[in-house]
Amino acid sequence: MSAHVQPQPASKPRKSGIDVLGDIPWGSHFCVFYETQQDLLDVLVPYLKAGLESNELNLWVISNPYLATTEEAVAALEQAVPDVRRLLENGRLEIVTEADFYLKGDNFNWERLLNTWKEKIADALARGFDGIRAAGDSSWFGQEYWNEFYTYEKCLHELIPGQPAIILCPYPLSKFSGTEVLDIIQAHQFAISRRQGKWELIESPALVQAGGETKKITELLQVKKEPPPMWPGMSYLAAVMSVTVALMVAYNLVDAPVSLFLCAIMFSARYGGTGPGFLAMLLSLLAFANYFVRPNLSGTITLEELSRFLIFALSSLFVVLLVAVQTNAARSLRRAHGILALTIRKLRETNGALRLEIKERMRDITQRKSAEDELQLAYQRLTYHVENTPLGVIEFDKDLTIKRWSGRAEEIFGWKASEALLKNVNDPDFRIIYEEDKKAVDKINEELMQGTVNRNLSLNRNYTKSGAVIYCEWHNSVLRDEHANIITILSLVHDVTERRKAEETLNRSYEEIRKLTNHLQNIREEERSHIAREIHDELGQQLTVLKMNILGLNKKLSSADATVHEKIGEIIDLLDTAVGSVRRISSELRPNLLHNLGLVAAIEWQLKEFEKGSGIKTVLIEPAEEPKITDPVKNGLFRIFQESLTNAGRHANATKIIVSLEQRNGHLILTIEDNGQGFEKEKIGAKQTLGILGMKERCLMMGGNFEIRSVTAKGTSVMAVIPHDGKE
């Protein structure tokens, strides 16, 4: 195939797809400056879409850092052109990287690139396309390629006009200085910019050169002031005088009057205009006829004299007309010079304004470049942290379409960024929310979207790409503009599946330990009952029998001395004390009142015994009737009551203890309050005392809640709340 392509005849303009441009002709070579990825897509997507909708071959050269892969470019274009993948397959669209197009073996050769463009244009025409439309991103090259790339752009600028091609060259503003931006504009027909969603049309800098050209024109076309017009009579008088002088000189001094008369005519026409010129011509004809053609003033004229006269007349007429034309041309030229001078003055003013504007723009570009460098550095830092954080970073727009998908998110969910970007969380082919958790997740999203909250935390189940179920913590926050419109929603995702499994294992172990503890408590209560029964029945009876035997022996020893009777009395007292201790120990192990008369009676008896032993005043607030509860609940509540009473007696330094038992809202509530010194819960919680821990575990085993409230110097309150429906 020949590398040379003959220029095609101009045809109707092509749709650019860019609103600010409208239709553009073949042979257009222009550039666009952009700031963000979205700015770049706002230009390229409609530009290529217009080409795909026409009979054009479309070429897109992508580069880092904005669109790194072909798949990402296709995903960006697919929103506007749904069948873009089919167009890729049939060759209507070609997407290549900068390494495949600009660089061959890491070598940039601008001459090779120009030949490549010629071949591309020829190939497009050979395949039946009207021409080629291309976009080649320029964010890939650095300073090492600047000179060569600039040379390439200037040569391409000379190659493209007249060819069936439209080439758009995007440049990121953050990479180029103000001088480089002007050089880039110089190498293109025109330039546009897309910054923060706004368009700007920048003309070619040809007018920048207007200063030098204007100066040259001014030097070449210096306009002299036109002399003020003479009085009309003076020009006619001058014509008469010039002819008179010519006649006198010719008649007296020379024999060649024709030249003198012609000079007079030329003088009159040149300085007086057409009228004085014709007057001078008539006077010259009369003088010539009377003094030189017919010197004797005869009435006859010979043929020779007539020829001589006619030649002079025609010569005079020619001179008059020629001088008149020259005069008019000179006047027209002077007027044109005046208009040109005014135009030059306006051009000079325009040039000065342009220079001032360019200077201001360069200052603005320099400041903008500095700000953009700082912004780029901040963006690089943010990107580094995003890609290296242990949390998955996912960014959504206001419609919950994914705009950012970090590397950690890829690891958590198994979806690559190229697969996840531009997907919506509700897309059926992108399932990441567990079905049963969707309602809860929708509620959380609704809170963010409606502005109820600006951040929230959720724990829900998610699907991975393989279909596995994982547990994730989602830390969500929303960013809004000054009008409260959503800019972006950021989610930090923490995979807590392993922690969740560990918690479930721990909870199962804890539940098993609680069941074991409950079983041990039941065994302990049974053992207490058994021991109390054995002590009461066996040991109590034996002590009673022993006492009766000693009393009988004491009666039989009536003749014994007083010392023996005294010792026997001491033994009987000891036996009475032992019997009381047996009863007390038996009651403490298993209060008979608790199971015979109920919980209220047992608490009342215990409070009286406590008041006798400690001297602390006690008050019992009883329920209206004895609650009907099972023995395990009776035992649990009574043991909590005993432990609380013991703690108050040992540590509270209280003077009064109030115990209440009430039924309310399906619960049985036991409260023990004292007016003692109180304590700091944090210190007690750190110690994890076995008494408090035992009371808490008893409550949990009964399905209830346990709470301690304490205020330093004001006392302590212990509350046990047990579910109770009024039935035993």
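Glu503 forms a salt bridge with Arg499, and their closest N and O atoms are 3.7 Å apart. A salt bridge here is a side-chain nitrogen of Lys or Arg within 4 Å of a carboxyl oxygen of Asp or Glu. Both residues sit in helix α16 (residues 497–556), four residues apart, about one turn of the helix. Glu503 is partly exposed, with a relative accessible area of 35%, and Arg499 is partly exposed at 38%. (Buried means under 20% relative accessible area, exposed means over 50%, and partly exposed lies in between, with a 1.4 Å probe and protein chains only.) Elsewhere, salt bridges that share partners join Arg14, Glu56, Asp130 and Arg133 into one network.

Before going on, a word about the model. It is predicted, so local features need pLDDT of at least 70 and side-chain atom pairs count only at pLDDT 80 or more, while totals for chains, interfaces and linings use all residues. Residues are numbered from 1 along each chain as its sequence is written, and side-chain values use heavy atoms, with hydrogens and water left out.

**The whole chain**

The chain holds 22 helices and 19 strands. These are DSSP runs numbered from the N terminus: helices are H or I with at least four residues, strands E with at least two. Of the 728 residues, 39% are buried. Among contacts (heavy atoms within 4.5 Å) with a separation of 6 or more, 66% are between residues 24 or more positions apart. The chain exposes about 41500 Å², and carbon and sulfur atoms supply 56% of that area; accessible areas come from the Shrake-Rupley method with a 1.4 Å probe, and for residues only the protein chains shown count as cover.

**More salt bridges**

How many salt bridges does a search of the whole structure find? The search finds 28. Here are three of them:

| Pair | N to O distance |
|---|---|
| Glu503 and Arg499 | 3.7 Å |
| Lys465 and Glu419 | 2.9 Å |
| Glu435 and Arg431 | 4.0 Å |

Lys465 is partly exposed at 42%, and Glu419 is partly exposed at 28%.

Look next at helix α15 (residues 438–450). (The expected span is 1.5 Å times one less than the number of residues.) Val441, Ile444, Asn445 and Leu448 are buried in α15. Why are they on the same side of α15? They cover an arc of only 95° around the axis, which puts them there; the arc is that of the directions from the helix axis to the C-beta atoms. Lys439, Lys443 and Gln450 are exposed on the other side of α15. The cover over the buried residues of α15 includes β12 (455–463), β13 (469–480) and β14 (486–495). Just after α15, Gly451 takes a positive phi of about 85°.

Helix α19 (residues 599–614) has 16 residues and reaches 22 Å from its first C-alpha to its last, close to the 22 Å expected. Its buried residues include Leu599, Ile603 and Phe610. Just after α19, Gly615 takes a positive phi of about 80°.
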